Amino acid sequence: MADCITKIELTVACTDLLDKDVGSKSDPLCVLLQNSGGDTWTELGRTERLKNTSSPSFSQRLRLDYHFETVQNLKLGVYDIDNSSSDLGDDDYLGGVELTLGQIVSSKTLTRPLQLKKGKPAGKGTITVTAEEMKDNRAIVLELEARKLDKKDTFGKSDPFLEFFKQGDDGKWQLVHRTEVVKNNLSPTWKKFTIPLQTFCSSDLERALKVDCSDYDSDGSHDLIGSFTTKVSELQKAEHGSPVEFDCVHPEKQKKKKNYKNSGVVVVKSCKLMTQHSFLDYVMGGCQINFTVGIDFTGSNGDPRSPQSLHYMSADGLNQYVSALWSVGQVVQDYDTDKLFPAFGFGAKLPPDYQAAHHEFALNFNPSNPFCQGIQGIVEAYRMALPQLKLSGPTNFSPIISHVASIASTAAQTNNASQYFVLLILTDGEITDFDQTKDAIVRASRLPLSIIIVGVGPADFKAMELLDGDDGVLRSTVGEAVARDIVQFVPFRQFKDAPASALAQSVLAEVPNQLVSYFKMRGLEPPKQQTAAKS
């Protein structure tokens with residue numbers, strides 16, 4: 001299966017977008033969605049937001065896996081963003097287009113009119129999508145600064161940023177990266193950045209590159225300070241700590257002034273090539289994904305004997321807990337060779353004495369061996385345990401997170417990329433130990449662990465969404481930020497009518513990047529496949 005997955009990178013540009021902002025042009029951003037069955041669309045990525053432009057060329061590429069064996073229905077939506085929230089519901093829609101990835105790949109470049117809805121064009125707006133297959137897993141890491149740049153602003157100094165272009169096979173310049181803007185500074189230092197080598201120079205170290213240094217203006221009319229051309233083989237001279245300098249030349253000034261030398265100097269402080277490993281490199285190299293389940297048995301679920309309870313078993317032996325477990329478990333179990341999964345419950349009183357509530361008990365009532373055989377084994381243990389438990393409270397997540405984190409911590413000490421952990425928590429969402437859970441997540445973000453929370457039932461899952469941290473950085477009670485984003489939350493009700501695979505696709509979408517980001521943070525290479533035993 002793994003061999004036939006190809007990474008595709010899409011580049012997006014638009015023309016003639018509708019202007020939704022009074023007195024200025026729109027501030028567009030493009031979102032890529034993939035259909036995950038029925039009317040359910042899953043976001044795969046979004047470009048950066050550009051200010052004040054009706055014909056944007058986005059530098060942030062959109063990456064996705066190309067599966068030859070399925071029709072991948074995609075939707076590209078362009079929005080005018082006027083606030084800092086990541087939710088697009090409150091932003092103006094400038095139009096979109098529905099395509100399949102097969103159409104884009106077979107055309108390589110495709111231009112379509114934007115539509116506000118089927119049959120209703122979005123003015124004269126068009127969108128152009130170009131696909132490129134990612135074959136090279138090297139990346140280039142660059143750090144640049146400049147000095148004595150020309151002053152372009154009447155009041156104050158320039159606000160410089162850099163744009164990098166590679167020369168396409170057709171001779172045209174294609175934007176591959178745009179740095180951040182450094183405000184009011186003629187000798188700026190830009191942040192170090194990493195870009196796939198294929199994006200940056202089509203993996204050709206001799207390919208012509210052009211770098212523009214411009215002064216940022218909030219109205220979108222950026223002024224060119226100067227440009228230079230180079231190639232990666234020249235930039236690499238900075239590899240050994242000796243900076244490479246380029247004259248930043250403005251063509252108009254060069255024509256007019258006899259003794260013109262430059263409009264400032266851009267310095268490449270460091271340049272190195274590194275290998276970027278993919279999820280498949282780790283999995284195919286022998287990394288095991290260990291799957292653990294935690295099930296919420298607190299009183300807020302309702303008495304399991306009552307049809308209103310979230311734990312009530314319908315005649316076919318199903319409920320939302322079982323359905324969610326099957327959906328996610330079936331995908332994850334393929335990556336775990338022994339198929340033995342520890343399964344825990346929390347928030348219930350246990351036989352024989354039903355004294356205090358337990359916040360982390362083995363679902364099979366065998367604490368020294370909490371493992372169940374396959375997903376089927378977890379479902380059976382759940383069905384056996386349910387009639388014997390007394391639902392109680394409070395709803396504490398931190399004990400089970402800390403328990404799995406301690407196992408992950410032991411695995412992390414081996415200093416190789418052989419083990420990664422995924423904890424699936426199924427809950428009705430009423431959390432009591434929110435602060436302790438935040439602290440446990442921040443600690444766990446430094447470990448080989450991802451946490452998936454599936455919200456069961458009709459509750460308001462505000463607290464769960466805060467733990468997901470997509471709208472901002474999750475911090476512990478003492479203000480320490482997560483080292484990496486490790487929590488993914490979805491409400492089960494969104495997938496009630498979708499095919500069983502849709503829930504799994506949505507919650508597992510972030511796990512591959514989370515796994516890679518952990519091993520990258522630790523500087524760990526994929527373990528090599530054990531050489532096959534001699535037959």
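So, helix 7: Gly-374, Ile-375, Gly-377, Ile-378, Val-379, Ala-381, Tyr-382 and Ala-385 are buried there. By buried I mean under 20% relative accessible area, with exposed being over 50% and partly exposed in between, using a 1.4 Å probe and protein chains only. Helices (H or I, at least four residues) and strands (E, at least two) are DSSP runs, numbered from the N terminus. Before I go on, this is a predicted model, so local features need pLDDT of at least 70 and side-chain atom pairs count only at pLDDT 80 or more, while totals for chains, interfaces and linings use all residues. Residues are numbered from 1 along each chain as its sequence is written, and side-chain values use heavy atoms, with hydrogens and water left out.

Back to the helix. What do the buried residues of helix 7 pack against? They sit against strand 17, helix 6 (320-332), strand 18 (340-346) and strand 22 (371-373). The length works out too: helix 7 covers residues 374-385, and at 1.5 Å a residue its 12 residues should span 16 Å, which agrees with the 17 Å between its end C-alpha atoms. The expected span there is 1.5 Å times one less than the number of residues.

Strand 17 brings me to Asp-296, which lies in that strand, residues 288-296. A salt bridge is a side-chain nitrogen of Lys or Arg within 4 Å of a carboxyl oxygen of Asp or Glu. What Asp-296 does have is a polar contact of 2.6 Å, side chain to side chain, with Thr-298. (That's a pair of N or O atoms within 3.5 Å; within protein, one must be able to donate a hydrogen and the other to accept it, and residues adjacent in sequence count only if both atoms are side-chain atoms.) Leaving aside neighbours within four places in sequence, Asp-296 is also in contact with residues including His-311, Tyr-321, Phe-346 and Asp-428, where contact means heavy atoms within 4.5 Å.

Now the charged pairs. How many salt bridges does the structure hold? There are 21. One of them joins Glu-9 and Arg-61, at 3.8 Å from N to O. That pair links distant parts of the chain, with Glu-9 in strand 1 (residues 6-15) and Arg-61 in the loop between strand 3 (41-46) and strand 4 (62-66), 52 residues apart. Buried or exposed, Glu-9 and Arg-61? Both are buried. They also belong to a network of salt bridges with Arg-63, Glu-132 and Lys-166.

Arg-46 and Glu-43 make another salt bridge, at 2.8 Å between the closest N and O atoms. Arg-46 is partly exposed at 25% relative accessible area, and Glu-43 is partly exposed at 37%. Then Glu-48 bridges to Arg-178 at 3.0 Å, N to O. Those two are 130 residues apart, Glu-48 in the loop between strand 3 and strand 4 and Arg-178 in strand 11 (residues 173-178).

Two strands pair if DSSP finds at least two bridges between them, and 2 bridges join strand 19 (residues 348-349) to strand 20. Lys-349 has Ala-357 in strand 20 as its bridge partner.
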